[in-house]
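Work through the exercises below with the sequence and the model open. Try each task before reading its solution.

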Amino acid sequence: MIQLSITNPATGTHIADVPADDAASVAAKAATARAAQAAWAERPMAERQACIVRFRAAIVAQLDALASVMTSETGKPIAMSRNELNGFLGRIDFFLEQAGGSVATEQVFDDGGMREQIEHTPLGVVANISAWNYPWFVGGNVFVPALLTGNAVLYKPSEFATLTGLEIGRLLQEAGVPKDVFIVLVGDGAVGAALIEQDIDGMFFTGSHATGARIAQAMGPRLVKLQLELGGKDPTYVCDDADPKAAAASLADGAMYNTGQSCCSVERIYVHEKIHDAFVEAFMATVRGFKVGDPKSDDTYIGAITRAPQLEVFDAQVRDAKAKGARLLCGGERLPGPGNWYAPTVFTGVNHTMDLMRDESFGPLIGIQKVSGDDEAVALMNDTRYGLTAGVFTPDETRARGLLSRVRAGSVYWNCCDRVSPRLPWSGYGDSGVGLTLSTYGIQTFTRPKAWHLRKA
Ligand code: NAD
């Protein structure tokens with residue numbers, strides 16, 4: 001059997017070998033899920049909810065150990081691993097509260113003779129191909145509501161978060177989800193590609209635009225529901241009336257949290273020329289305070305870079321920005337190993353000819369660009385192929401609403417950033433994807449509406 005080798009990105013040491021799937025085992029697992037799904041869907045919602053309640057309790061009981069597993073394979077600072085798990089509990093609570101109501105049959109017409117109803121039936125077997133950067137969040141946005149609404153799930157964690165994926169499988173099974181209803185597939189992109197070939201009713205993918213586009217192309221003729229949650233190049237504009245210190249503290253965190261490896265990291269900052277210098281000074285003061293180091297330490301803020309090839313992307317963006325005249329204020333280089341490390345990197349004097357302002361960095365790099373006013377800022381924010389999130393800092397809500405209504409982004413932020421709420425839909429424009437997760441829409445998305453026309457004889 002093929003083995004998947006797992007390495008700790010902070011130390012470069014080998015942690016484990018895990019038996020991986022191949023095309024034949026993927027096909028067998030898909031057939032198993034197909035056979036098991038109907039019985040799961042027939043169980044009352046309350047029984048499925050009870051399984052997720054037990055799953056939640058197990059996460060609470062084992063939170064420190066689960067956080068350590070995630071940190072060991074991704075290099076995420078341990079405090080952020082705990083934050084993710086605690087945040088995930090809140091998402092579970094939302095899904096538990098809302099699942100019943102969101103998919104209850106709706107009576108939409110009744111004239112005494114004819115009744116019309118909408119029934120929300122499960123899609124069936126859904127594939128969940130996931131990213132490594134927030135494995136509990138991005139996986140759970142799919143598998144929790146999918147299971148609650150009666151689907152079977154074929155879950156392919158990222159090859160960089162496999163141990164966490166296996167823990168999720170173990171905990172769901174111990175909580176009472178049948179082993180054939182939630183099945184973990186282990187492996188890299190080849191296993192994901194094999195999943196596309198199977199008899200599935202939905203493909204829910206989170207990852208890069210490049211992979212998402214490949215999946216969309218392969219899925220096209222299948223006519224199967226497809227959702228893609230992809231990357232971003234998320235901008236924020238700091239207006240001339242904003243408090244530069246408060247905005248800088250918030251945006252430095254938004255750019256560097258999780259070592260900048262977040263789909264909704266702040267990736268571009270535009271600052272009004274009147275407060276640009278004060279903002280940059282405060283921003284640098286915050287960044288200089290970020291502790292880079294051992295992800296296992298409680299006070300580490302910047303951890304390891306999970307995927308080694310991403311270091312080459314950073315090097316290339318830094319070279320390009322320098323060559324085109326940007327001013328490097330800190331970082332701009334790899335840090336000594338073992339493991340994958342990059343210094344927090346801040347540029348000013350950037351513009352849109354530079355890759356740093358156009359292509360997703362997905363790391364602790366940020367460009368700060370001076371702008372002359374609101375119209376220039378909006379034009380620059382929209383000058384992107386992505387559209388996941390965007391933000392504005394100003395004390396004036398009317399001004400913020402006016403600006404953000406002109407920006408093409410799935411989520412918009414006033415005086416905040418890098419934020420996801422289970423109560424709000426998570427979606428993107430352009431190359432940031434199609435479809436959505438979270439909110440009650442992100443529960444209904446795992447169902448198919450069936451139209452009932454009922455006339456009494
Ligand atoms: P990735 O595209 O490299 O991999 C994602 C998943 O796809 C992995 O499980 C991988 O094994 C699988 N895969 C790779 N090739 C495949 C193929 N040909 N067919 C099927 N599956 C295949 O992305 P990543 O490095 O894991 O994640 C980082 C990216 O994800 C960033 O661009 C980030 O912005 C994005 N992301 C988006 C969101 C969101 O909600 N929009 C959330 C988290 C991450």
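A crossing is left-handed if the near helix is turned anticlockwise from the far one by less than a right angle, and right-handed if clockwise. Helices (H or I, at least four residues) and strands (E, at least two) are DSSP runs, numbered from the N terminus. The model is predicted, with local features needing pLDDT of at least 70 and side-chain atom pairs counting only at pLDDT 80 or more, while totals for chains, interfaces and linings use all residues. Residues are numbered from 1 along each chain as its sequence is written, and side-chain values use heavy atoms, with hydrogens and water left out.

**Exercise 1.** Describe how α3 packs on α4.

Step 1. Two packed helices are described by the angle between their axes and the distance between the axes. Axes are lines fitted to C-alpha atoms, for helices over the stretch in contact, and angles run from 0 to 180 degrees between N-to-C directions. For α3 (residues 63-74) and α4 (residues 78-102) the angle is about 120 degrees and the axes are 9 Å apart.

Step 2. Angles under 35 degrees count as roughly parallel, over 145 as roughly antiparallel, 65 to 115 as roughly perpendicular and the rest as oblique. The helices α3 and α4 are therefore oblique to each other.

Step 3. The crossing of α3 past α4 is right-handed.

Step 4. Residues of α3 in contact (heavy atoms within 4.5 Å) with α4 include Leu-63, Leu-66 and Met-70, and among their partners in α4 are Ile-78 and Leu-85.

**Exercise 2.** Repeat the description for α9 and α10.

Step 1. The axes of α9 (residues 244-256) and α10 (residues 276-288) come within 8 Å and cross at roughly 45 degrees. That angle makes α9 oblique to α10.

Step 2. Helix α9 passes α10 in a right-handed crossing.

Step 3. Among the residues that meet are Ala-248 and Leu-251 in α9, and Phe-279 and Phe-283 in α10.
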